[in-house]
Amino acid sequence: MRRVRLHPIALAAGLALAGCSVAPIYQRPDVSIPAGYKEAPVEGGATWLPAAPADAIDRGDWWRRFDDPELSRLATQVDAANQTLAAAVASYRQAQALVREARASYFPGVSLGVGAQRSGGGSSSTSSSRRTSFDASLGADWAPDFWGRVGSSVAAARAGEEASAADLAAARLSAQGEMAIDYFSLREADDEAALLTRTIEGYERALEITTNRYAAGVVAKTDVLQAQTQLATTRSSLALVRANRARYEHAIAVLAGQAPGNFSVAPATWKPVVPAIPLGVPSALLQRRPDIAAAERQVAAANAQIGIERAAYFPSLTLSASLGNGGSRIGDLFRVSNALWSVGASVAQTVFDAGAISARVSAAQASRDAAAARYRQTVLVAFQGVEDQLANARAQGEQAELLRQASDAADQTEQQILNRYRAGQLGYTDVVTAQASALAARRALVQVAVSRQITAIALIQALGGGWDASAPVELTGSMRGDGTK
């Protein structure tokens with residue numbers, strides 16, 4: 001390749017052409033957005049989810065809506081020490097570094113070289129025939145961004161950074177939501193264990209009474225056996241509930257970045273709070289959901305990649321300059337008379353590549369189309385998630401009221417059956433049946449209460465949680481890796 005002397009006019013032309021981009025203008029893929037949510041509460045219907053603009057939703061600590069200080073404390077631990085979240089933070093820092101690397105191509109590369117060499121002849125050479133030389137050089141190379149290759153690379157890297165930020169927000173929302181679900185499941189286990197403990201105490205008294213009645217010849221031994229069976233079965237249920245609580249506690253420990261052996265959540269009174277969650281309009285999901293934001297940024301990155309591949313159709317210009325010096329002594333390196341300099345430009349153009357560039361452009365276009373399809377699918381799944389949770393919330397609200405009525409009726413039935421048994425009007429089988437029905441109704445009432453809380457968490461996640469696309473990503477000291485707190 002021939003080196004030519006750079007003329008000032010050529011330099012000016014290069015600078016004028018630099019920045020011209022051959023990348024297609026990016027437009028966010030169109031998606032079909034409904035006017036409203038099909039399963040949203042209607043006027044005169046359920047009112048636990050009042051409609052409101054999306055800006056009314058908390059932009060961060062969404063878990064505080066449940067009014068539980070312990071939940072808030074655990075959420076802070078998850079944010080600071082969750083290892084999946086730490087990996088997402090590291091990926092985000094890596095994406096930031098890739099943007100800085102891409103931007104560096106806008107500027108010339110400067111290199112400095114210093115060397116020393118000693119030479120001589122064969123074995124008979126004397127010290128006078130040996131020679132020492134020193135040299136130093138300073139060079140620079142710069143490729144003006146004529147066709148927007150560097151600009152497209154920066155755009156792709158920046159889109160990747162923004163996608164990584166959205167992935168980080170999604171990881172944080174997922175970890176916090178998973179912890180909240182495990183926490184309320186643990187509290188439900190506490191409440192159910194307390195219910196079973198009270199029930200066992202009643203069954204123990206019933207067994208004692210039945211045993212005394214059998215000893216007095218009032219009832220048959222089958223009554224004692226049935227009371228023993230019911231007591232043992234309920235104790236077995238309590239053991240299972242306690243085992244489930246332990247598993248939830250272990251899961252919370254891992255989410256908080258701790259070994260389960262060093263972590264515990266003390267039993268406490270459970271607050272079955274179901275917060276009101278403003279819905280907003282469906283189009284708000286496109287800005288609020290981090291997974292949608294990440295998918296859209298992947299489309300932008302794929303679009304910029306087309307510009308990178310198209311730039312290969314056009315010639316590339318490299319400008320270079322160098323300044324060097326040499327001599328037999330170090331002092332000679334500082335003499336102007338020994339200096340050598342050069343300035344040049346080189347142009348390279350692919351003449352024939354058997355369609356390789358065209359194939360890469362086509363592949364980049366196909367990659368963008370695939371990313372756009374994934375984006376649209378992500379949006380559709382997001383709408384589905386909101387509708388699913390709204391339907392669950394409405395059904396569980398109705399279910400809670402019906403189960404409350406059923407539990408009240410079962411309690412009254414149990415008491416009446418016990419009274420009639422003590423009066424000798426019924427057998428113990430009727431007592432067992434009534435007590436089992438009453439216990440099942442009480443447990444179902446507890447379970448639907450935690451299900452409503454879990455559905456509320458799932459709806460908050462479906463709506464994007466505390467994600468705010470306009471807010472900068474904040475990293476804690478432990479996640480930055482710089483030792484700051």
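User: Which residues touch the most other members of the largest nonpolar core?

Analyst: The model is a predicted one. Its largest nonpolar core has 48 residues. Helices that give two or more residues to this core include H2 (69-81), H4 (149-215), H5 (221-255) and H8 (356-422). Within the core, the members that touch the most others are Tyr 37 and Met 179.

User: How many residues are in the other core that lies apart from it?

Analyst: Among the members of this other core are Ala 206, Leu 207, Val 219 and Tyr 428. The number of residues in that core is 21.

User: Leaving aside neighbours within four places in sequence, which leucines is Tyr 37 in contact with?

Analyst: With those neighbours set aside, the contacts of Tyr 37 include Gly 280, Val 281, Pro 282, Phe 383, Val 386 and Glu 387.

User: Is Arg 187 buried or exposed?

Analyst: Arg 187 lies in helix H4. Leaving aside neighbours within four places in sequence, its contacts include Glu 70, Arg 245, Val 265 and Trp 270. The cut-off for a buried residue is under 20% relative accessible area. Because its relative accessibility is 2%, Arg 187 counts as buried.

User: With which side chain does the side chain of Arg 187 make a polar contact?

Analyst: Arg 187 is 84 residues from Lys 271 in sequence, with a C-alpha to C-alpha separation of 8.5 Å. The polar contact concerns another residue, at 2.9 Å from side chain to side chain. That partner of Arg 187 is Asp 190.

User: Is H7 roughly parallel or antiparallel to H8?

Analyst: The axes of H7 and H8 come within 8 Å and cross at roughly 170 degrees. Angles over 145 degrees count as roughly antiparallel. Therefore H7 is roughly antiparallel to H8.

User: By class, how many nonpolar residues does the contact of H7 with H8 have?

Analyst: The contact of H7 with H8 has 6 polar and 6 charged residues. Its nonpolar residues number 13.

User: Why does Thr 234 count as buried?

Analyst: Thr 234 lies in helix H5. Not counting residues up to four places away in sequence, Thr 234 touches Leu 196, Thr 199, Ile 200, Tyr 203 and Leu 439. Thr 234 counts as buried because its relative accessibility is 6%.

Conventions: Residues are numbered from 1 along each chain as its sequence is written. This is a predicted model: local features need pLDDT of at least 70, side-chain atom pairs count only at pLDDT 80 or more; totals for chains, interfaces and linings use all residues. Side-chain values use heavy atoms; hydrogens and water are left out. A nonpolar core is a set of buried Ala, Val, Leu, Ile, Met, Phe, Trp, Tyr and Cys residues joined through side-chain atoms within 4.5 Å. Buried means under 20% relative accessible area, exposed over 50%, partly exposed in between (1.4 Å probe, protein chains only). Helices (H or I, at least four residues) and strands (E, at least two) are DSSP runs, numbered from the N terminus. Contact means heavy atoms within 4.5 Å. A polar contact is a pair of N or O atoms within 3.5 Å; within protein, one must be able to donate a hydrogen and the other to accept it, and residues adjacent in sequence count only if both atoms are side-chain atoms. Axes are lines fitted to C-alpha atoms, for helices over the stretch in contact, and angles run from 0 to 180 degrees between N-to-C directions. Angles under 35 degrees count as roughly parallel, over 145 as roughly antiparallel, 65 to 115 as roughly perpendicular and the rest as oblique. Ala, Val, Leu, Ile, Met, Phe, Trp, Tyr, Cys and Pro count as nonpolar, Asp, Glu, Lys and Arg as charged, and the others, Gly among them, as polar.
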